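Walk through this model from its overall fold down to single residues. Keep the sequence and the structure side by side as you read.

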Amino acid sequence: KQVYDPEIPVNVWDLGLVYSVNVNEGDVHVLMTLTAPRCGMGPMIAQQAEWTISELEGVEDVEVEMVYEPPWSPDLISEEGKAALGLD
């Protein structure tokens, strides 16, 4: 919830961009997507997520993997995200 898509004032979690987070001891693997496959901000968003997670206590290694299947849709936005965007 501390990482934002710079073009949308909602964090990536509430946008529904994070598909899964797997933790195995100190290793964290995040599977996420973007609102659009060709979003030029993708590498920056992934890097911000990696940096933010790596600061958490006990985290040794972080991998943020971008995927485009299934494609993102506005249906994935949380209720909190919808409220922030005025979609509620």
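This is a predicted model: local features need pLDDT of at least 70, side-chain atom pairs count only at pLDDT 80 or more; totals for chains, interfaces and linings use all residues.

Residues are numbered from 1 along each chain as its sequence is written, and side-chain values use heavy atoms, with hydrogens and water left out.

Start with the fold. The chain has 2 helices and 3 strands. These are DSSP runs numbered from the N terminus, with helices (H or I) of at least four residues and strands (E) of at least two. Along the sequence the pattern reads β-β-α-β-α. The C-alpha atoms fill a box of roughly 40 × 25 × 20 Å, taken along the principal axes. For 88 residues, a compact globule would have a radius of gyration near 12 Å; the chain has 13 Å, which agrees. That radius is taken over C-alpha atoms, and the globule rule is 2.2 Å times the number of residues to the power 0.38.

Next, the contacts. A contact means heavy atoms within 4.5 Å. Among contacts between residues at least 6 apart in sequence, 59% join residues at least 24 apart. Aspartate 75 lies in the loop between S3 and H2.

Now look inside. Of the 88 residues, 32% count as buried. Buried means under 20% relative accessible area, exposed means over 50%, and partly exposed lies in between (1.4 Å probe, protein chains only). The largest nonpolar core has 19 residues. Such a core is a set of buried Ala, Val, Leu, Ile, Met, Phe, Trp, Tyr and Cys residues joined through side-chain atoms within 4.5 Å. The residues with the most contacts inside this core are Val12, Leu17, Val30, Met32, Ile45 and Val64. The elements that give two or more residues to the core are S2, helix H1 (42-54) and S3. H1 gives the most, with 4 residues. Which residues does leucine 17 touch, not counting those up to four places away in sequence? They are Val12, Leu31, Met32, Thr33, Leu34, Thr35 and Trp72.

Turn to the surface. The chain exposes about 5,700 Å², and carbon and sulfur atoms supply 51% of it. Accessible areas come from the Shrake-Rupley method with a 1.4 Å probe; for residues, only the protein chains shown count as cover. Trp13, Val21 and Val23 form a nonpolar patch with about 310 Å² of accessible area together. Patches are made of residues with over 30% relative accessible area and no salt bridge; like charges are joined within 9 Å, nonpolar side chains (Val, Leu, Ile, Met, Phe, Trp, Tyr) within 5 Å. Valine 23 sits in strand S1. Its relative accessibility is 58%, so valine 23 counts as exposed.

The charged pairs come next. Side chains of opposite charge can pair when their charged atoms come close. The structure holds 3 salt bridges. Each has a side-chain nitrogen of Lys or Arg within 4 Å of a carboxyl oxygen of Asp or Glu. Lysine 1 meets aspartate 14 at 3.6 Å, N to O. Both lie in the segment before strand S1 (18-24), 13 residues apart. Aspartate 14 is buried, at 4% relative accessibility. Lysine 1 also meets glutamate 80, at 3.5 Å. That pair spans 79 residues, with glutamate 80 in helix H2 (residues 79-85). Lysine 1 and glutamate 80 are exposed.

The other bridge joins lysine 82 and glutamate 79, at 3.8 Å. They are 3 residues apart in H2, so about one helical turn separates them. Lysine 82 is partly exposed at 22%, whereas glutamate 79 is exposed at 57%. Shared partners join Lys1, Asp14 and Glu80 into one network.

Finish with the backbone. A cis peptide bond joins glutamate 69 and proline 70, with omega about -5°. Proline 70 is in the loop between strand S3 (61-66) and H2. Glutamate 25 is not a glycine, yet its phi is positive, about 55°. Glutamate 25 lies in the loop between S1 and strand S2 (27-32). At 76% relative accessibility, glutamate 25 is exposed.
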